[in-house]
Amino acid sequence: MSSRLSGNEAVAYAMKQINPDVMGAFPITPSTEIPEYFAQYVADGEVNTEYVTVESEHSSMSVCIAAQAAGARAISATSSCGLALMYELLYVAASCRLPITLACVNRALSGPININADHSDSMGARDSGWIQIYAENNQEAYDNFIMAMPIGEPPDIRLPVMSCMDGFITSHAVENIELLETDVVRNFIGEYKPENYLLKKENPLAVGPYDISPYYMEHKVLEAEAMKAAKARILEVGTQFAKISGRSYGLFEEYRMEDAELALVLIGSTAGTAKAAIDKLREIGVKAGLVKIRVFRPFPGEELARALAGTRAVAVMDKSEGFSANGGPLFAETRSALYDLKERPYLINIVYGLGGRDVKTEDIEKVFGRLADIAVTGETGPVYTHMGHRSKEDIA
Amino acid sequence: MIYAKDINEHSPWQDLTPGGEIYEPGTARAFNTGTWRTNTPVFHEEACKHCMLCVPFCPDSAIPVKDGKRLDFDYMHCKGCGICENVCPFPAITMVSGGAVK
């Protein structure tokens, strides 16, 4: 059924259709609307979710951990500093192997305090053991949230899933959207049936016991194996989702990559801008293409290397500063993935769009201009650069 | 189901439970924590009147009782805190330095 919803409303609607057992709810811009819409569904009796209002995000994630361990399906939504305040619990959720689903509406981290979109919040949590899936637009935000539970819950995965979208750009902009019927959604996600849970009286369960050195590493290997296995599961769920929706999803989306010589690698809503710029460049004969990373954790390294193998120059665009002084997190992953190729494209990193700094099609065209020069001269120039900021120096 | 009795410090990762979760109660019994001890209580049975004061004071339930009489210490779980010696009204418990059981 067709509708027009903001990204937040679309995710809240997906939550309503899922009808989870528990929501840990705490507001923070720009994700506030998600628990707000959901509270209305609870008040109107449209869901029978236990809606737990808490005093902080540390507690909302604690609620989710306790509920999921008890055998319930638990969800939450947050942004920016809220995610940062959950940091300790993110690791607990993942290492206790509790497949909680979290809507992360990406926003810059303080400070200086800023409420607009970038990926510094979820990128800061990239090594916490959560599966991370990013949306380009409202439709993907809705679809990804519905796919999250079937991805995270199977016994060989058992990992929490962070379903991300760009703050305001996606969360607050109203777009046309195709919604699934509620019974189709419920049938798709099915019942949550963990083998063991706290409320199962047959075998009392201890969750998160103290793990001494002779055991801890083995448990981390188990967790790492689950993350590796998640890749195949994500593809499997994407195929199943295509059958009910007609929309198919992989680990990343390749846009006009068949014969691309110059390519971008980026995450999130900027993909829409990049596609428009690429269409324009294609009209004048530039072989431009885009790889939009959908799944950042597990990182599709081998698949990405194959996708970029035929290109000559690639710009990896990071919407977060890693402060590594060696490029952003997406750049680090991409460069690492390309190392195993016999013949690698030239690679540059562009950190852009921090704290909601706008990126236009002209900016993307300039990036392709830089890539075209690199492809001709074989000189990358500075590899780790910023874009869209004011400077006394000329910026490419 | 993986049971605690089937897991030890030599088990490969494939044989452990996800997140280290435990599916039975009371598994601490199987775990030797007596190695943490730096002082050790010695039980002098001839001086013991079996008043049972030491038993509830033991924070680790390391004093077994059978047929109304306390037995020697459960050194697999005793941490050597010395509370038993402190509450004993008789010279039935003395603490010695070191974790080894004499």
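Student: How many residues does helix H9 of chain A have, and what length is expected at 1.5 Å a residue?

Tutor: Welcome! This is a predicted model, where local features need pLDDT of at least 70, side-chain atom pairs count only at pLDDT 80 or more, and totals for chains, interfaces and linings use all residues. Residues are numbered from 1 along each chain as its sequence is written, while chains are lettered from A and ligands numbered from 1 in the order in which they are written. Helices (DSSP runs of H or I, at least four residues) and strands (E, at least two) are numbered from the N terminus, and the expected span of a helix is 1.5 Å times one less than its number of residues. H9(A), residues 270-283, reaches 20 Å from its first C-alpha to its last and has 14 residues, with an expected length of 20 Å.

Student: Which helix is included in what covers the buried residues of H9(A)?

Tutor: A residue is buried if 20 or more other C-beta atoms, placed from the backbone, lie within 10 Å of its own, exposed if 12 or fewer, and partly exposed in between. In H9(A) the buried residues include A:Ala274, A:Ile278 and A:Leu281. Their cover includes strands E9, E10, E11 and E13 of chain A, along with helix H12 (361-377).

Student: Why does A:Val63 count as buried?

Tutor: A:Val63 lies in helix H3 (residues 57-70) of chain A. Leaving aside neighbours within four places in sequence, A:Val63 is in contact (C-beta atoms, placed from the backbone, within 7 Å) with A:Val22, A:Gly24, A:Val52 and A:Val54. A:Val63 counts as buried because its C-beta neighbours inside 10 Å number 22.

Student: Which element gives the most to the side of domain 1 of chain A that touches domain 2 of chain A?

Tutor: Chain A is assigned domain 1 (2-245) and domain 2 (252-386), with bounds from an automatic or database domain assignment. Their contact takes 24 residues from domain 1 and 21 residues from domain 2. On the domain 1 side, helix H5 (120-124), strand E6 (131-134) and helix H8 (213-245) each give two or more residues. With five residues, the element that gives the most is H8(A).

Student: How many residues of chain A are in contact with chain B, and how many of chain B with chain A?

Tutor: On the chain B side, the touching residues divide into six nonpolar, two polar and three charged. Here Ala, Val, Leu, Ile, Met, Phe, Trp, Tyr, Cys and Pro count as nonpolar, Asp, Glu, Lys and Arg as charged, and the others, Gly among them, as polar. The contact joins 19 residues of chain A and, from chain B, 11 residues.

Definitions and conventions. Contact = placed C-beta atoms within 7 Å.
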